[in-house]
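Let's take a quick tour of the charged side chains in this protein. Have a look at the sequence and model first, then we'll go through them.

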Amino acid sequence: MQKTVIQLETLTCPSCMQKIENLMKNLDGVDSKSVKVLFNASKVKAEFNVNLISIERIQKAIENLGYEVLKTKIQAA
């Protein structure tokens, strides 16, 4: 498992946060219990299995929802 912190463009409403959280929790390979969307910091924290999903696929899924990914950090869990 890898941990990631994804910096997003500024989140403007709680429903944005909920959409991203729901998306992340439903991605195969992402540990749904580890998903945290930090509204005030506009960040997503999660753990994911690199054998099941790539960070690029996670970023693309978020961008397809309409939110810009500014930067991503990855570290071993």
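Does Asp 31 count as buried, partly exposed or exposed? At 23% relative accessibility, Asp 31 counts as partly exposed, where buried means under 20% relative accessible area, exposed over 50%, and partly exposed in between (1.4 Å probe, protein chains only).

A word on the model: it's predicted, so local features need pLDDT of at least 70 and side-chain atom pairs count only at pLDDT 80 or more, while totals for chains, interfaces and linings use all residues. Residues are numbered from 1 along each chain as its sequence is written, and side-chain values use heavy atoms, leaving out hydrogens and water.

**Salt bridges**
- Searching the whole structure turns up two salt bridges (a side-chain nitrogen of Lys or Arg within 4 Å of a carboxyl oxygen of Asp or Glu).
- Asp 31 pairs up with Lys 33 in a salt bridge, at 3.8 Å from N to O.
- Lys 33 is exposed, with a relative accessible area of 72%.
- Glu 21 and Lys 25 make a salt bridge too, with their closest N and O atoms 3.4 Å apart.
- Both Glu 21 and Lys 25 sit in helix α1 (residues 14–25), four residues apart, or about one turn of the helix.
- Glu 21 counts as buried at 18% relative accessibility, whereas Lys 25 is partly exposed at 35%.

**Positive patch**
- Lys 3, Lys 36, Lys 45, Lys 71 and Lys 73 gather in a surface patch of positive charge; patch residues have over 30% relative accessible area and no salt bridge, with like charges joined within 9 Å and nonpolar side chains within 5 Å.
- Lys 73 belongs to strand β4 (residues 69–76), and at 55% relative accessibility it counts as exposed.

Technical notes: Accessible areas come from the Shrake-Rupley method with a 1.4 Å probe; for residues, only the protein chains shown count as cover. Lys and Arg count as positive and Asp and Glu as negative; His and the chain ends are not counted. The place of a charge is taken as NZ of Lys, CZ of Arg, CG of Asp or CD of Glu. Helices (H or I, at least four residues) and strands (E, at least two) are DSSP runs, numbered from the N terminus.
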